[in-house]
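Please look over the sequence and the model shown here before reading on. The paragraphs below are meant to be read with both at hand.

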Amino acid sequence: MSTQTTKILVFSHRPEVRETIITAVGRRPAPDLSRVDFVEAGAIADVLYEVDNGTVDLLILDGEAQPTGGMGLSRQLKDEITNCPPIVVAVRRKDDRWLATWSQADAVLVHPLDPLAAAETVAEVLRGSAVPVVKG
């Protein structure tokens, strides 16, 4: 069994939103994936620092964060960062899913978060970003 972990950054200006996302995703979103270590970010500068240093495998951004929401931040990161890690945006309303598409996010979560759906969504995004293993 691998001891490698996946690092997921969770961004929101509200600690309770970060906690809700972390609890919903869980420490192991799927049995075939490594354990998850979460990095919490309450400010844009924290997100940019982690992304610039290449220390995270996935970002989950709160679409309702203030003063800059996760959707705008997602679009900025996707436009400006070469090999940007995959991004999941959490929105409050299903009707906001089109904005998440505009943000170039790889997936969308809708509050209230269903733990099964959140873990499955994150697992799918992580699987899609993994470097394929070539078996000979």
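What follows is a walk through the model, from its confidence to its strands, helices and salt bridges.

This is a predicted model, in which local features need pLDDT of at least 70 and side-chain atom pairs count only at pLDDT 80 or more, while totals for chains, interfaces and linings use all residues. Residues are numbered from 1 along each chain as its sequence is written, and side-chain values use heavy atoms, with hydrogens and water left out.

The mean pLDDT (the predictor's confidence in each residue, from 0 to 100) is 90 for the protein, and 92% of its residues reach 70 or more. Where pLDDT is low, the predicted coordinates should not be read in detail.

Strand E4 (residues 87-91) pairs with E5 in the parallel sense over four bridges, pairing being assigned if DSSP finds at least two bridges between two strands. Within this pair, Ala90 stands opposite Leu109 of E5. From E4 the chain passes through helix H4 (residues 97-102) to reach E5, in a β-α-β crossover that is right-handed, the term being used if, with the strands pointing away from the viewer, the path from the first strand over the helix to the second runs clockwise. Thr121 itself counts as buried, because its relative accessibility is 18%.

In H2 (residues 44-52), Val47, Glu50 and Val51 are buried. These residues cover an arc of only 95° around the axis, which puts them on the same side of H2; the arc is that of the directions from the helix axis to the C-beta atoms. On the other side of H2, Ala45, Tyr49 and Asp52 are exposed. The cover over the buried residues of H2 includes strands E1 (5-11), E2 (35-41) and E3 (58-62) as well as helix H3 (70-80). Just after H2, Gly54 takes a positive phi of about 65°.

Helix H3 can be read in a similar way. Its buried residues are Gly70, Met71, Leu73, Ser74 and Leu77, and they lie on the same side of H3 because they cover an arc of only 160° around the axis. These buried residues of H3 pack against E1, H2, E3, E4 and H4.

In strand E2 is found Ala41, which is buried, with a relative accessible area of 1%. Setting aside neighbours within four places in sequence, Ala41 has among its contacts Leu9, Val10, Phe11, Arg18 and Val47.

Five salt bridges are found in a search of the whole structure, each being a side-chain nitrogen of Lys or Arg within 4 Å of a carboxyl oxygen of Asp or Glu. One of them joins the side chains of Arg18 and Glu40 at 2.9 Å, N to O. Arg18 lies in helix H1 and Glu40 in strand E2, so this pair ties together parts that are 22 residues apart in sequence. Arg18 counts as buried at 11% relative accessibility, whereas Glu40 is partly exposed at 46%. Asp32 forms a salt bridge with Arg127, with the closest N and O atoms 2.8 Å apart. Because Asp32 lies in the loop between H1 and E2 and Arg127 in helix H5, the pair ties together parts that are 95 residues apart in sequence.

Terms used:
Helix = DSSP H or I, 4+ residues; strand = E, 2+ residues; numbered from the N terminus. Buried < 20%, exposed > 50% of the residue type's maximum accessible area, 1.4 Å probe, protein only. Contact = heavy atoms within 4.5 Å.
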